Amino acid sequence: MAVTDHEPTDDAVVRLLADWLPDRRWFPVKGAEARLTAVGGLTLTDPRDEARVRILLVRAEAPGVDTVLQVPVTMRPDRTATDDGPTVGGARPGQAGPAWIGTVGSPPMHVRDGVGDPAFLRAWMSAADGPRPPVDAEHARVLTGEQSNTSVILPASDPVVASDDAPAATAETRPPGAGDATHGAAILKVFRALAPGDNPDVDVPRALARGGWVHVPRPLGWLEAQWPEDGSLVHGHLAVLSEFVDGAQDGFELACAMAERGESFADLARDLGSVVAGMHAALASALPTDDPGSADERAAATADAVRARYRWAAGLVPELAQYADGVEALAARTAELTDLPAPQRIHGDLHLGQALRAHDEWFVTDFEGEPLAPVAARTRPDLALRDVAGMLRSFDYATAVGRGLETAGTGDDAWADDARAALLAGYVAGSSGEEGAPGGGAGAHTEDVLRALELDKALYEAVYEARNRPAWLSIPLRAVERLVG
């Protein structure tokens with residue numbers, strides 16, 4: 001595990017980043033002046049020695065924000081700034097190569113965005129742990145639009161080498177009818193907001209793949225580092241390289257398109273529900289947890305959490321005030337349940353956008369959770385049905401996006417209702433038939449617990465939409481009415 005150091009050049013580069021960072025979607029400080037400090041960095045070696053590669057760790061501080069960010073950069077002498085080398089990402093006008101940030105030092109060195117630079121990708125592959133399959137850094141493609149990380153697709157240059165942690169799926173381990181998910185390509189996810197501890201987007205897929213669950217892209221390489229925080233050294237993952245699911249469709253985009261066409265999603269939802277049940281069984285086996293509490297305590301805690309969420313949301317969204325009695329009635333029923341299953345490791349942020357459809361199979365991705373939350377909070381055991389509730393909420397959004405926002409809250413919910421029923425049926429069947437499956441799918445508690453967990457999610461959505469997309473507020477409000485009416 002590499003230990004970060006501090007170099008004089010780091011401070012100069014951070015001064016350049018003050019103008020560059022605010023335009024990045026993953027930069028957590030919005031509409032305020034951020035204080036940026038170089039915490040340290042790592043120097044990686046480009047095997048071709050075309051650029052100096054530096055991973056900077058930068059502390060960003062502003063009202064409500066105090067986090068360490070990862071900013072890889074490459075530095076080249078002025079004489080190479082206008083070469084005709086490969087271009088990955090946007091370049092400064094008149095200059096080849098990845099996005100230009102500025103110039104530092106004497107003689108001058110041109111600083112560019114490392115994530116879009118083949119030199120960084122080659123250096124990262126050389127430094128990472130794991131099998132590190134051969135990939136083509138020269139023809140990589142940076143994905144745009146991510147809110148909290150940066151991902152790069154790297155085509156294969158040679159056949160993929162399977163990891164000892166995650167052997168390649170075989171005819172014995174892959175479900176009947178499942179095709180090869182990849183053709184040797186890989187995707188590198190660079191974590192922008194760093195948190196001490198093992199990132200679940202590395203450890204969870206490794207554990208699932210090692211246990212033979214084939215619906216998760218296998219991790220193929222990862223990089224860790226230590227950095228100073230509060231007077232001591234902490235460690236965490238910087239990035240992970242995983243299988244790229246070839247020819248995949250984003251689950252949410254697929255659902256929206258089918259809703260727009262009026263095409264039933266029920267068969268796909270039923271299949272997805274079964275996959276989620278299998279994921280929960282695999283998580284329970286691969287990452288067992290201890291639960292000292294009783295079912296009564298879990299029921300009371302779930303009910304209290306719903307009451308607290310409602311008080312918070314109703315204080316910010318006046319339209320929720322009318323549902324106070326219904327929320328309390330549902331919370332009271334939840335508190336009386338006696339058969340809640342033990343909490344376990346779950347996905348934690350599961351929705352249709354975290355599912356990929358390829359080769360007639362579903363694959364589940366993005367186990368990171370909320371990047372700005374502590375790792376301990378993201379890995380805390382929870383009710384498995386919370387993941388199911390997140391999926392169910394996605395269908396309301398798919399209907400509204402696919403058919404137009406004007407349909408939200410009109411009562412035209414047949415498409416979403418069919419999809420929701422099918423997903424739950426698939427989950428219950430998958431839980432009942434899966435050896436070692438959690439009790440999260442088939443118990444008598446399912447309906448009321450799902451209502452409580454869906455309500456918790458819908459109340460959060462109501463606050464988010466009221467603050468950010470008022471035109472969408474009718475989507476979660478309609479859900480609250482359905483759940484407590």
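I began with H6 and H11, whose axes come within 9 Å and cross at roughly 20°; I take axes as lines fitted to C-alpha atoms, for helices over the stretch in contact, with angles running from 0 to 180 degrees between N-to-C directions. That angle makes H6 roughly parallel to H11, given that angles under 35 degrees count as roughly parallel, over 145 as roughly antiparallel, 65 to 115 as roughly perpendicular and the rest as oblique. The contact (heavy atoms within 4.5 Å) involves, on the H6 side, Thr-302, Ala-305, Val-306, Arg-309, Tyr-310, Trp-312 and Ala-313, and on the H11 side Ala-452, Leu-453, Leu-455, Asp-456, Leu-459, Tyr-460 and Val-463. I noted the crossing of H6 and H11 as left-handed, meaning that the near helix is turned anticlockwise from the far one by less than a right angle, with clockwise being right-handed.

I kept in mind that this is a predicted model, in which local features need pLDDT of at least 70 and side-chain atom pairs count only at pLDDT 80 or more, while totals for chains, interfaces and linings use all residues. Residues are numbered from 1 along each chain as its sequence is written, and side-chain values use heavy atoms, with hydrogens and water left out.

Next I checked H7, residues 324-335; helices (H or I, at least four residues) and strands (E, at least two) are DSSP runs, numbered from the N terminus. Its 12 residues should span 16 Å at 1.5 Å a residue, and the end C-alpha atoms are 16 Å apart, which agrees; the expected span is 1.5 Å times one less than the number of residues.

I then listed the buried residues of H7, which are Gly-326, Val-327, Leu-330, Ala-331 and Thr-334 (buried is under 20% relative accessible area, exposed over 50%, partly exposed in between, with a 1.4 Å probe and protein chains only). They lie on the same side of H7 because they cover an arc of only 135° around the axis, the arc being that of the directions from the helix axis to the C-beta atoms. These buried residues pack against H6 (295-314), H11 (446-468) and H12 (474-484).

For H7 and H11, I found axes that come within 9 Å and cross at roughly 135°, which makes H7 oblique to H11. Val-327, Leu-330, Arg-333 and Thr-334 of H7 meet Asp-448, Arg-451, Ala-452 and Leu-455 of H11.

Last, I looked up Val-388, which sits in H9 (residues 385-403) and is buried, with a relative accessible area of 1%. Not counting residues up to four places away in sequence, Val-388 touches Val-276, His-280, Leu-423, Leu-424, Tyr-427 and Leu-450.
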